[in-house]
Amino acid sequence: MSDLFDSYPYQDRFPVLRGLPEQGRPRDEIRAELATMATEEDRAWESGQCSGTMYCGDHEHYDFLTEAFGRFAHQNALQRDMCPSATRFEGEILAMALDLMHADAVTGTTPAGLVTSGGTGSILHAMLCYREHARTVRGIDRPSIIKPETAHPAFAKAAHLFGLELRVLPVDPQTTLVDPAAVADAIDETTAAVIASAGNYPYGTIDPIAEIAEVTAARGVGLHVDGCLGGFLLPFGEELGYDIPPFDFRVAGVTSISADTHKYGYGLKGSSTVLFRDQALRNQSYFFVPDWSGGKYYSPSMDGSRSVGLLASTWASMVSLGRAGYREHAGRIFAAAAAIRDAVVATPELRLVGTPTFVVAFTSDVVDIYHVNDAMRARGWRFNGLQYPNALHLAVTRPQTQDGVIERFAADLREAVAYARDHAGQPAVSAALYGGLPGGMTADASVFITAVMRQLLDAQQSVPAPR
Ligand SMILES: *Cc1c(COP(=O)(O)O)cnc(C)c1O
């Protein structure tokens with residue numbers, strides 16, 4: 001695992017560029033350098049011991065997508081006269097995603113969507129549309145949005161960028177779900193949209209969306225379902241008979257859904273969908289400059305030029321898998337998640353947080369969960385650290401469905417808990433990076449931790465200085 005503060009991670013092996021070299025280098029030399037970095041970095045997840053991150057992990061699938069990407073990477077989706085393929089790819093990606101989200105149940109409006117650069121992009125576009133709708137249609141000066149604490153930080157980013165007031169609701173510590181009655185209480189005349197997750201990132205749990213939708217529909221406010229993580233997985237879980245509460249357009253009050261093609265859609269990184277019950281809401285992100293000297297400018301979203309390559313590769317991923325392909329992968333993922341859950345339940349020192357779907361989150365009331373993480377890290381596992389309460393999660397992806405991974409998890413977990421018992425009272429190494437402070441986040445702690453995160457960003461975003 002590389003040092004997060006290291007600004008020059010490859011300086012021992014490769015030259016550090018401090019400016020644009022006068023002479024180019026031979027392609028083969030560059031190829032070899034790229035191959036070395038990529039091959040070594042892929043080893044971190046190929047074992048199946050890495051939570052989330054690499055949703056597909058099938059190199060043959062990646063090669064196929066890269067081929068599709070390569071054919072269109074240089075084309076610009078803004079210039080449809082030259083690339084009508086972009087209109088086909090984008091329209092069909094959205095048709096497939098809307099189909100998956102049961103847009104066929106929508107009556108009275110025309111469902112629509114946008115293909116964006118990722119989950120954050122989808123969430124930002126949805127929140128922008130709600131803001132514009134609130135301002136222009138409902139006459140709300142400073143609109144607000146309401147999110148359960150567990151909903152993704154991209155909603156806070158949207159509030160920050162778009163001048164929305166963000167209201168955060170606590171969740172039940174046992175179920176990790178938001179209370180629809182609390183949502184009802186939080187809605188007022190400024191509310192542009194309520195957010196619910198299917199499932200949320202920390203625990204993979206699904207908010208009571210049908211109940212929340214009754215509240216939002218009665219009050220005439222939007223309901224955005226964040227299916228960035230679960231959007232391309234949960235529908236197949238439902239088809240396979242798993243207990244998945246309703247979250248898609250079959251729920252009448254759901255007005256938009258984000259679903260990431262670059263997660264369980266198994267596409268390349270940099271693509272996602274945001275889907276709207278009503279095209280009129282989607283169109284709030286349109287932008288026009290009719291009188292610019294450079295010509296008439298219009299774009300459907302916040303982006304300007306976009307690579308058609310990502311549309312082509314996302315389309316290729318979906319078309320090559322089909323419902324049957326997705327269902328088969330989902331079946332293995334849900335089965336692996338259930339087996340991982342069983343291994344946690346079989347360990348008396350550990351306790352599940354929420355009811356697992358395809359994310360298994362666990363904590364301990366007996367040992368320091370970060371000691372467990374330390375020992376699992378030493379055995380090659382990479383979990384995500386959660387706080388309030390301190391916990392770990394494993395978002396199950398296709399690499400975990402390989403033979404032997406579950407057995408390795410169960411065996412390593414037993415040893416890790418024994419390690420945690422042996423080291424009781426000593427500080428855990430990974431707590432510094434992952435852990436929440438006991439007693440919650442005081443203002444002082446927040447300032448301190450933000451300063452550390454700023455140093456991390458400064459290190460990671462640093463530019464090699466000229467010599
Ligand atoms: C990953 C994720 C996002 C944000 O997606 P990015 O692709 O990282 O921008 C939003 N919501 C949930 C639930 C997620 O898991």
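Is Phe5 buried, partly exposed or exposed, and at what relative accessibility?

**View 1. Phe5 and a nonpolar patch on the surface.** Phe5 counts as partly exposed because its relative accessibility is 41%, where buried means under 20% relative accessible area, exposed over 50%, and partly exposed in between, with a 1.4 Å probe and protein chains only. This is a predicted model, in which local features need pLDDT of at least 70 and side-chain atom pairs count only at pLDDT 80 or more, while totals for chains, interfaces and linings use all residues. Residues are numbered from 1 along each chain as its sequence is written, and side-chain values use heavy atoms, with hydrogens and water left out. Phe5 lies in the segment before α1 (27–46); helices (H or I, at least four residues) and strands (E, at least two) are DSSP runs numbered from the N terminus. Together with Leu4 and Leu433, Phe5 forms a nonpolar patch with about 270 Å² of accessible area, computed by the Shrake-Rupley method with a 1.4 Å probe, only the protein chains shown counting as cover for residues. Patches are made of residues with over 30% relative accessible area and no salt bridge, like charges being joined within 9 Å and nonpolar side chains (Val, Leu, Ile, Met, Phe, Trp, Tyr) within 5 Å.

**View 2. The shell around the ligand.** Of the 13 residues around the ligand (a heavy atom within 4 Å), those that come nearest are Gly119, Thr120, Asp226, His262 and Lys263. Oxygen atoms of the ligand lie 2.9 Å from a polar backbone atom of Gly119, 2.8 Å from a polar side-chain atom of His262 and 2.8 Å from a polar side-chain atom of Lys263. The ligand has 380 Å² of accessible area on its own, and the protein covers 85% of that area. Helix α4 (residues 119–136) gives the most to this shell, with three residues.

View 3. A search of the whole structure finds 22 salt bridges.

**View 4. Backbone geometry at two cis peptide bonds and two threonines.** Most residues other than glycine have a negative phi, and most peptide bonds are trans. A cis peptide bond with omega of about -15° joins Ala198 and Gly199, and Gly199 is found in the loop between β4 (191–197) and α7 (209–219). The bond from Tyr388 to Pro389 is also cis, with omega near 0°; Pro389 lies in the loop between β12 (384–386) and β13 (391–395). Thr53 has a positive phi of about 65° and is partly exposed at 34% relative accessible area, while Thr176, with phi near 65°, is buried at 1%.

How values were computed
Salt bridge = Lys/Arg side-chain N within 4 Å of Asp/Glu carboxyl O. Polar contact = N/O pair within 3.5 Å; in protein donor to acceptor, adjacent residues only side chain to side chain.
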